[in-house]
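Please read them with the structure open.

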Amino acid sequence: MNRTALVSTLLCAAVVAALGGCRSTSQPAEQAAARQRAEQENAARAQAKAASADAAAASATLDRIEVTGSRMQEAYAPAVAPAPPPAPMMLMRMAPMQPANTEKYAERTDNPVQRAAEQPVSTFSIDVDTGSYANVRRMLNDGVRPPSDAVRAEEFINYFDYGHPAPTSRETPFRVTTELATAPWNPQRQVLMIGIKGYDVPKANLAPANLVFLIDTSGSMGEPDKLPLVKQALRQLVPQLRAQDRVSMVVYAGSAGLVLPPTPGDRHGEILAALDRLDAGGSTNGGEGIALAYAMAKQAFIQGGANRVILATDGDFNVGTVDQNALETLVADQRKSGIALTTLGFGTGNYNDELSERLADVGDGNHAYIDSVREARKVLVQQMGGTLLNIARDVKIQVEFNPAQVAEYRLIGYENRILQREDFANDKVDAGDIGAGHQVTALYEITPAGSSAQRVAPLRYGDAKAAKPDLAIGNELAHLRLRYKLPGQDRSKLIETPILASQLTRTPGESLRFASAVAGFADALRGGERMDGWGWDAMISAARNARGDDPRGERAELIQLMDAARQQAGADERVGIRR
């Protein structure tokens with residue numbers, strides 16, 4: 001029942017009760033009572049009318065409630081704010097996500113300037129690797145500024161042929177030559193070039209080869225510049241193989257597997273068919289693959305032959321034995337059995353240059369980076385003898401500078417090949433190897449005694465007698481010593497020769513000028529802190545003027561890369577060298 005009906009019922013009950021009370025009285029009293037009832041009735045009606053009005057007002061009030069102020073917000077505020085209306089749908093073109101660049105390079109610091117009076121002896125291992133140059137070429141061609149640690153000056157220099165004279169006989173496996181000239185970047189300094197050339201062996205006369213192709217087929221190798229390029233690269237080598245050669249093929253991804261058992265090298269169809277069956281997929285268990293490859297190399301070992309594992313990978317080992325020190329130990333142990341390791345680097349984005357180079361170093365092999373079929377042909381066909389056949393092992397160079405002639409010197413490159421002085425005569429210390437037809441070039445920057453271009457102040461308490469010339473050796477600028485081992489021998493042989501100050505020329509030969517330009521280019525890419533007084537224009541001009549005979553177009557390509565790097569330098573001051 002609503003409140004309006006309840007109020008009307010109560011009022012009616014009150015009226016009926018009042019009227020009923022007058023029936024029980026007498027007549028006179030009835031009249032008096034009648035009047036009283038009439039008055040009470042009128043009063044009751046008035047009260048009823050007033051009550052009815054109040055009831056109507058109350059009903060109206062219940063039917064329409066008004067709330068003002070903060071209570072209005074409380075009364076009508078929902079428990080959870082409603083979501084705003086959806087925005088109109090918009091189609092947006094999202095840029096594709098670029099994978100993170102995880103390429104890995106060993107940190108390196110340029111060799112310091114040394115005062116000859118304080119540190120007259122420089123000792124290092126030779127290096128025939130060229131991977132750094134090819135890898136940086138890939139970056140520059142892609143418009144990418146290479147990280148400084150990717151640039152190894154000695155591998156830039158050794159990428160090119162300087163026409164060093166070869167030995168006249170095989171009694172000594174290589175010939176050593178030197179050239180001394182005014183430095184093109186500063187006339188107050190000099191540059192010394194040491195050239196080593198190994199004897200060459202015609203392909204038909206190469207010793208039988210026992211080769212194991214160890215191929216990374218993990219998922220990271222699926223890009224066109226990885227496994228597909230590996231196949232193209234090895235196809236360049238297969239037609240060069242002979243019946244006396246043996247070829248095995250091992251692949252590794254999550255686990256290692258044998259794809260081709262030891263097979264005569266002239267069965268080209270079988271070898272190529274095995275290559276064609278390779279596909280990329282899975283994780284990378286490089287350690288297991290290396291172990292299986294060496295096992296196959298031992299199984300097909302050729303006494304007196306070239307026994308070698310050729311590892312083709314991006315170096316992204318991520319399962320199994322992944323610790324670099326453990327991998328180096330594994331390879332170093334196998335080296336003692338007469339099986340060498342060559343590493344071929346492939347790909348971008350996750351390339352582990354540090355691991356690939358280091359494994360080749362401890363494996364008595366060489367490291368190359370393959371960025372094209374042309375580079376594969378150079379490494380595996382044109383330089384096949386040097387890649388497959390070592391003619392000298394553990395080759396070390398030691399130069400002793402005469403303080404009477406030399407105030408300062410600096411070895412350009414070879415930072416990760418520096419040896420202690422006592423390591424030179426220690427035949428147990430490993431060093432680099434030279435293959436048939438290989439050449440090695442090393443450059444020293446020299447500040448002659450009395451030059452105003454000296455960069456290191458002499459010691460206050462240095463030995464003044466050290467700078468006094470000996471009449472017998474006064475014309476010697478330096479003394480060059482070289483040690484090497486013949487294959488299969490454990491005792492080293494010594495070659496030594498003086499370098500005379502009278503060799504100095506102000507008009508260096510074409511090879512020295514071009515090698516200096518290459519060294520300057522490497523320095524510019526590393527920050528341009530060493531070749532003082534040499535800008536991009538002068539450097540490129542020196543390379544162009546020393547281009548000489550260039551049958552493969554490699555020197556012309558270098559000049560194009562220098563131009564590309566100069567353009568990058570205009571937008572990137574980190575190159576650190578003025579135009």
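1. Two strands pair if DSSP finds at least two bridges between them. That term is needed for several points below. The model is a predicted one. Its protein chain has 15 helices and 16 strands.

2. Start with the chain as a whole. Of its 579 residues, 49% count as buried. Among contacts with a separation of 6 or more, 80% are between residues 24 or more positions apart.

3. Next, an open sheet. Six strands make it up, in the order β7-β6-β5-β8-β9-β10, and the pairing is mixed. At the edges are β7 (256–264) and β10 (367–369), each of which pairs on one side only. On average, neighbouring strands are turned by 15 degrees against each other, with direction ignored.

4. Within this sheet, look at β5 (residues 209–216) and β6. The two pair in the parallel sense over 7 bridges. Phe213 has Met249 in β6 as its bridge partner. Helix α10 (residues 353–362) packs on the sheet and touches β8 (306–313), β9 (340–345) and β10. The direction of α10 makes about 155 degrees with that of β9.

5. Is Ser248 buried or exposed? Ser248 lies in strand β6 (residues 246–252). Its relative accessible area is 0%, and buried means under 20%, so Ser248 is buried. Leaving aside neighbours within four places in sequence, Ser248 is in contact with Leu211, Val212, Phe213, Leu260, Pro261, Pro262 and Met296. One of these contacts, Phe213, is the residue whose bridge partner in β6 is Met249.

6. All 10 of its 10 residues are buried, so β14 is largely enclosed by the rest of the structure. In a regular strand the side chains alternate between the two faces of the sheet. On one side of β14 are Gln439, Thr441, Leu443, Glu445 and Thr447, and on the other are Val440, Ala442, Tyr444, Ile446 and Pro448. Both faces are covered, as the residues on each side are all buried.

7. Which strands pair with β14? Strand β4 (residues 190–198) pairs with β14 in the antiparallel sense over 8 bridges. Strand β12 (residues 406–412) is joined to β14 by 6 bridges, and these two also run antiparallel.

8. Now helix α13. This helix has 16 residues and reaches 23 Å from its first C-alpha to its last, close to the 22 Å expected at 1.5 Å a residue. Helix α13 is mostly covered, with 14 of its 16 residues buried. After α13 comes Gly527, whose phi is positive, near 130 degrees.

9. Two packed helices are described by the angle between their axes and the distance between the axes. For α13 (residues 510–525) and α14 (residues 536–545), the angle is about 145 degrees and the axes are 8 Å apart. Their crossing is left-handed. From α13, the residues that meet α14 are Arg513, Phe514, Ala517, Gly520, Phe521 and Ala524. They face Trp536, Met539, Ala542, Ala543 and Asn545 in α14. By class, this contact has 8 nonpolar, 2 polar and 1 charged residues.

Key. Residues numbered from 1 in each chain as written. Predicted model: local features only at pLDDT ≥ 70, side-chain atom pairs only at ≥ 80, totals over all residues. Heavy atoms only, no water. Axes fitted to C-alpha atoms, helices over the stretch in contact; angles between N-to-C directions. Helix = DSSP H or I, 4+ residues; strand = E, 2+ residues; numbered from the N terminus. Left-handed = near helix turned anticlockwise from the far one by under 90°. Contact = heavy atoms within 4.5 Å. Nonpolar A, V, L, I, M, F, W, Y, C, P; charged D, E, K, R; others polar. Buried < 20%, exposed > 50% of the residue type's maximum accessible area, 1.4 Å probe, protein only. Expected span 1.5 Å × (residues − 1).
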